[in-house]
Amino acid sequence: MIEIKNLTKRYGRKKAVNDVSFTVQKGEILGFLGPNGAGKTTTMNILTGYISSNEGTVTVDGFDILKNPEEVKKRIGYLPENPPLYLDMTVIDYLNFVYDLKNVKLIKKEHINEIMDLVKITDVSMRLIKNLSKGYKQRVGLAQALIGDPEILVLDEPTVGLDPKQINEIRALIKKLGKERTIILSSHILPEVSAICERVIIINKGKIIASDTLENISKNISGATTIFARIEGNLDEVTKAISSIEGVDSVSSKQSVDEGANDYTISTVEGFDIRRPLFFALSEKQFPILLLSNQTLSLEDVFLQLTTVEKHTAKVEGEANNDSHI
């Protein structure tokens with residue numbers, strides 16, 4: 001659906017975006033992350049046709065952004081961090097204006113009513129935008145991005161400044177929209193990205209330093225897997241059985257909420273999957289496994305390590321360059 005190749009944008013001598021390449025498949029929800037000044041907004045502005053690049057290409061559904069800008073823009077709905085609202089217009093007048101501006105061919109009244117119902121702003125359709133709350137203004141901004149029924153949504157900080165209730169509402173709406181559209185989401189609320197996005201790209205200093213699922217990026221950083229297990233049985237005997245398994249690096253434990261069981265945190269050597277050997281070793285001793293799960297670094301941990309620790313940046317950047325696609 002979206003293919004970006006060798007994208008570079010310079011401001012004087014500074015490269016805001018430096019040889020960035022990635023693809024986004026149809027129907028995916030992609031998290032696009034990076035610290036302030038990393039090049040996120042510049043990349044999104046180039047993708048949506050607001051600014052041009054110095055080098056590289058952007059292709060959307062087979063159309064080049066420079067050769068066929070109108071075809072590309074038809075397919076993209078963009079919600080910038082500060083929505084482009086005309087505060088002295090009513091909601092309905094503003095959406096009618098956007099409809100005309102985009103030269104949409106769908107049935108006007110029906111289309112706009114459908115969008116207002118979707119983002120839940122029908123009840124404020126006759127109010128001036130300047131008199132709306134921050135949450136409603138954000139919804140109006142999302143509504144304008146949906147005018148024309150675009151296949152792709154690019155959302156830059158869609159929940160910034162909202163209260164927890166509004167954040168949950170917008171988050172649920174984005175997940176609903178993602179069932180039928182391709183979405184690129186940029187947000188500083190990292191739990192939001194973890195909850196919504198299937199994959200993430202992390203950009204720093206104009207370059208992609210990670211591109212994968214959160215679980216895979218976490219593994220690349222830590223170089224190992226950590227397993228959480230709740231096991232019933234004698235603490236010392238269970239610990240001994242776990243420690244005897246090839247690939248186990250360390251075992252720690254604490255008392256579980258389940259009577260007669262303990263919770264174990266098991267760190268493994270890189271490249272070892274101990275789940276099956278663990279099952280057989282414990283079943284042989286008749287120690288029931290009550291709970292088993294992989295533990296990965298949180299997105300916040302991943303983000304901080306990749307953008308602040310040079311050795312991790314270099315490691316994952318090399319992997320991203322070899323396979324920097326979604």
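A residue counts as buried under 20% relative accessible area, as exposed over 50%, and as partly exposed in between. In this predicted model, Thr265 has a relative accessibility of 28%, so Thr265 counts as partly exposed.

Thr265 belongs to strand β13, which covers residues 261-268. Apart from neighbours within four places in sequence, the contacts of Thr265 are Thr226, Ile227, Ser250, Val251, Ser252 and Gln295. Asp236 is 29 residues away from Thr265 along the chain, and 14 Å separates their C-alpha atoms.

The largest pocket holds about 840 Å³ of space. It is lined by 26 residues, and those closest to its centre are Lys73, Lys74, Ile76, Leu101 and Lys102. By class, 12 lining residues are nonpolar, six are polar and eight are charged.

With five residues, α3 gives the most to the lining of the largest pocket.

In soluble globular proteins, nonpolar side chains tend to be buried together. Here the largest nonpolar core has 48 residues, among which Val91 and Ile121 touch the most other members. Helix α3 also provides the largest share of this core, six residues. Beyond four places in sequence, Ile121 is in contact with Val91, Leu95, Met116, Tyr136, Arg139, Val140 and Ala143.

Conventions:
Residues numbered from 1 in each chain as written. Predicted model: local features only at pLDDT ≥ 70, side-chain atom pairs only at ≥ 80, totals over all residues. Heavy atoms only, no water. Helix = DSSP H or I, 4+ residues; strand = E, 2+ residues; numbered from the N terminus. Buried < 20%, exposed > 50% of the residue type's maximum accessible area, 1.4 Å probe, protein only. Contact = heavy atoms within 4.5 Å. 1 Å grid on protein atoms, 1.4 Å probe; cavity = no way out; pocket = protein on both sides within 12 Å on 5 of 7 lines; lining within 4 Å. Points joined across faces, edges and corners; volume = space filled by probe spheres on them. Nonpolar A, V, L, I, M, F, W, Y, C, P; charged D, E, K, R; others polar. Core = buried A, V, L, I, M, F, W, Y, C linked by side-chain atoms within 4.5 Å.
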